[in-house]
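The tour begins at a ligand and then moves to helix packing.

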Amino acid sequence: MVESEPIIICENLVKIYKIANLEVVALQGLDMVVERGEVLGIVGTSGSGKTTLLNILGGLDRPSAGRVSVDSVDLLNLSDSALNTYKRHNVGFVWQQTGRNLIPYLSAQENVELPMTMSGVTNPKERRNRSDFLLNAVGMHHRRTHHLTQLSGGEQQRVAISVALANNPVLLLGDEPTGEVDSATAQSIMDTFRKLSQEMD
Ligand code: ADP
Ligand code: MG
């Protein structure tokens, strides 16, 4: 990792979806540079390619052409298994649909600890310490035993941010993470993103 290198570099990034013989150009030569520690919002009309871009940056989809690197990892030329590892360890994702971010039959704390278990943190005490820290950071520690249905939309999103940060990703992506909550709650979620970005930089 080169510390001074931008966290995201996109050059002439192209994504074309092919369905039968129809081609949809979702990204048409996108250039973008994001520096480390930056909090960036992407604005565009519906269908302008925001989700497509986030999916590519998150390793959920592959670009058709151009260059994209995140934390000096070239996402265009990774093998499938390397892309899987990248997805699990390098990025955190918060989705718009609050219900998609948390597993309903696990408590908030168990949700935060699950990605750690999956990535091989075998010591329960280590998992507990980190989930305590992350739930405190988003102001949800007092609700750690609650399940999805016992949390408001905004609370679910704050827990989701903890889950997304569980494996200490270099990049946190949110696809309209405030899209399902009222504007005051949206403000508190965005404040949480900004606060964490400063604290964890
Ligand atoms: P946004 O998130 O900005 O609303 P999207 O990235 O979802 O935009 O979509 C960009 C364009 O790509 C749209 O025209 C959309 O219909 C198309 N698109 C998105 N995903 C797919 C897909 N899986 N298959 C085919 N076309 C898609
Ligand atoms: Mg979208």
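Which atom of Gly 49 lies 3.1 Å from an oxygen atom of ligand 1? Select both. The atom is a backbone N or O atom of Gly 49.

Before moving on, note the ground rules. This is a predicted model: local features need pLDDT of at least 70, side-chain atom pairs count only at pLDDT 80 or more, and totals for chains, interfaces and linings use all residues. Residues are numbered from 1 along each chain as its sequence is written, chains are lettered from A and ligands numbered from 1 in the order in which they are written, and side-chain values use heavy atoms, with hydrogens and water left out.

**Stop 1: the ligand**

Stay on ligand 1. Show its surroundings: among them are Tyr 17, Ile 19, Val 24 and Ala 26. The run from Thr 45 to Thr 52 is there too: Thr 45, Ser 46, Gly 47, Ser 48, Gly 49, Lys 50, Thr 51 and Thr 52. Near here means a heavy atom within 4 Å.

Now pick Lys 50. A polar side-chain atom of Lys 50 is 2.9 Å from an oxygen atom of ligand 1. Next, Thr 52: a polar side-chain atom there lies 2.5 Å from an oxygen atom of the ligand.

**Stop 2: α4 and α5**

Select residues 108-118, helix α4, and residues 124-137, helix α5. Helices are DSSP runs (H or I, at least four residues), numbered from the N terminus. The two pack at about 130°, axes 9 Å apart. Axes are lines fitted to C-alpha atoms over the stretch in contact, and angles run from 0 to 180 degrees between N-to-C directions. The pair is therefore oblique. Angles under 35 degrees count as roughly parallel, over 145 as roughly antiparallel, 65 to 115 as roughly perpendicular and the rest as oblique.

Show the contact (heavy atoms within 4.5 Å). Val 112 and Met 116 are among the α4 residues, and Arg 127 and Leu 134 among those of α5.

**Stop 3**

Select residues 153-165, helix α6. α5 and α6 pack at about 140°, with axes 9 Å apart. That makes α5 oblique to α6. Arg 130, Leu 134 and Leu 135 of α5 touch Val 159, Ser 162 and Leu 165 of α6.

**Stop 4: α4 against α6**

How far apart are the axes of α4 and α6? They are 7 Å apart, at an angle of about 25°. The two helices are therefore roughly parallel. Ala 108, Asn 111, Val 112 and Pro 115 of α4 meet Val 159, Ser 162 and Val 163 of α6.

Note on methods:
A polar contact is a pair of N or O atoms within 3.5 Å; within protein, one must be able to donate a hydrogen and the other to accept it, and residues adjacent in sequence count only if both atoms are side-chain atoms.
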